[in-house]
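Here is a structure to look at, followed by some questions. Each answer sets a value against its definition.

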Amino acid sequence: PEGVADGPQIEANLQYVLTNYKTCFGRDYEVVRIPMPPDANGRYPDNNGEYRTYTNSVIVNGTVIVPTYEEQYDTTALRIYREAMPGYNVVGIDCNDIIGALGAIHCITKEIGVDEPVWISYAKKRHAYANESGYEITAKIKSAHGVSAATTYWTTDTTAGYSALSMSAVGTDSFTVSIPQQPEGTEVFYYLSASSNSGHSVLKPLVAPKGVYSFTVEGTSGISSESGLANKFVLLQNYPNPFNPSTTIRYQIPGSRFVTINIYNNLGQKVVTLVSGQKSAGMHEVEWDTGSFTSGVYYCRLETAQGQVLTQKLILLK
């Protein structure tokens with residue numbers, strides 16, 4: 001609760017992070033607050049109370065194990081977890097007997113990861129518009145022995161099941177596919193799946209299809225209409241910029257055509273190709289994960305087979 005124990009210092013630390021940092025996708029962090037309860041005698045740590053906390057939990061596959069202490073407080077904490085993590089099985093475990101030993105669920109457990117995991121890095125799609133020809137889904141997918149398959153499952157009616165779209169490899173460890181165009185007001189539900197050559201697989205979100213991503217199709221492209229760029233050839237400034245370790249590049253083409261996006265260093269040398277292929281009309285995006293690239297100024301060059309060329313300056317800070 002506000003002003004209790006070390007709450008003010010925690011809040012100050014949190015505000016510092018929110019003011020100065022963003023996620024690896026250049027987005028603001030989402031904060032979920034879960035009130036900490038007092039101990040059995042109504043005391044908080046600044047009055048020698050036990051440090052009861054609900055955030056000392058652990059996620060095991062599709063289950064969230066949450067420490068619990070007293071029902072009148074526990075019900076609120078468990079509700080917040082379930083609202084914030086749809087599709088997960090949220091389970092409370094009484095920790096009154098162990099919290100006095102300075103630990104709860106996360107403190108007393110040790111996690112063991114799967115051998116040769118499949119890793120998916122993906123930022124939920126924020127915007128989709130009725131005038132786009134499709135809704136591009138691009139993810140970074142890696143595995144020690146290579147990725148054998150990547151798939152996006154989508155639907156507009158979860159009771160009717162999901163349709164599968166095979167994702168194509170593009171750039172370094174990136175995979176992409178477009179969900180078909182939908183009418184304005186349509187809510188689209190989707191999730192990702194990937195398998196490795198060694199036989200492992202993973203879903204994103206992990207609890208799909210119980211918990212999935214979704215977006216609602218809006219009337220017109222906000223960026224294009226507000227800037228007067230509809231049906232034009234556009235390379236938008238990457239975001240974030242400066243960035244580390246990855247950044248997103250958005251571009252718009254007025255008609256179907258062959259597109260290439262190359263990144264050049266400050267000496268004019270091409271260092272990586274992010275896109276090389278036929279693209280449909282509309283807004284597209286691609287992520288550049290810089291990996292072992294060093295800090296400096298880079299240039300993103302968008303070209304079409306018709307001879308159109310656009311360039312943006314990118315700043316990598318490590």
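**Contacts and cores**

Q: Which residues does I179 contact, leaving aside its neighbours within four places in sequence?
A: I179 is in contact with G134, Y135, I137, T152, W154, L165, V188, Y190 and F215. Contact means heavy atoms within 4.5 Å.

Q: What kind of model is this, and how are residues numbered?
A: This is a predicted model: local features need pLDDT of at least 70, side-chain atom pairs count only at pLDDT 80 or more, and totals for chains, interfaces and linings use all residues. Numbering starts from 1 along each chain as its sequence is written, and side-chain values use heavy atoms, with hydrogens and water left out.

Q: What makes a nonpolar core, and which residues touch the most other members of the largest one?
A: A nonpolar core is a set of buried Ala, Val, Leu, Ile, Met, Phe, Trp, Tyr and Cys residues joined through side-chain atoms within 4.5 Å. The largest has 23 residues, and I179 and Y190 touch the most other members. A second, separate core of 19 residues includes F243, I263, V286 and L302.

Q: Why is S148 called partly exposed?
A: Buried means under 20% relative accessible area, exposed over 50%, and partly exposed in between (1.4 Å probe, protein chains only). S148 has 43% relative accessibility, so S148 counts as partly exposed.

Q: Is Y191 buried or exposed?
A: Y191 has 10% relative accessibility, so Y191 counts as buried. Y162, at 23%, counts as partly exposed.

Q: Why is the pair of Y162 and Y191 called edge-to-face?
A: Rings of Phe, Tyr and Trp (its six-membered ring) pair if their centres lie within 6.5 Å; planes under 30 degrees apart count as stacked, over 60 as edge-to-face and the rest as tilted. Y162 and Y191 are 5.1 Å apart centre to centre, with 70° between the planes, and form an edge-to-face pair. Y162 lies in the loop between β6 and β7 (163–166) and Y191 in strand β10, so the pair ties together parts that are 29 residues apart in sequence. Strands (E, at least two residues) are DSSP runs, numbered from the N terminus, as are helices (H or I, at least four).

Q: How many aromatic pairs are there by this rule?
A: The count comes to 13. Ring pairs also link Y122, Y135, Y190, Y213 and F215 into a cluster.

Q: How do you know that β15 and β16 pair?
A: Two strands pair if DSSP finds at least two bridges between them. Eight bridges join β15 (residues 257–264) to β16, and these strands run antiparallel.
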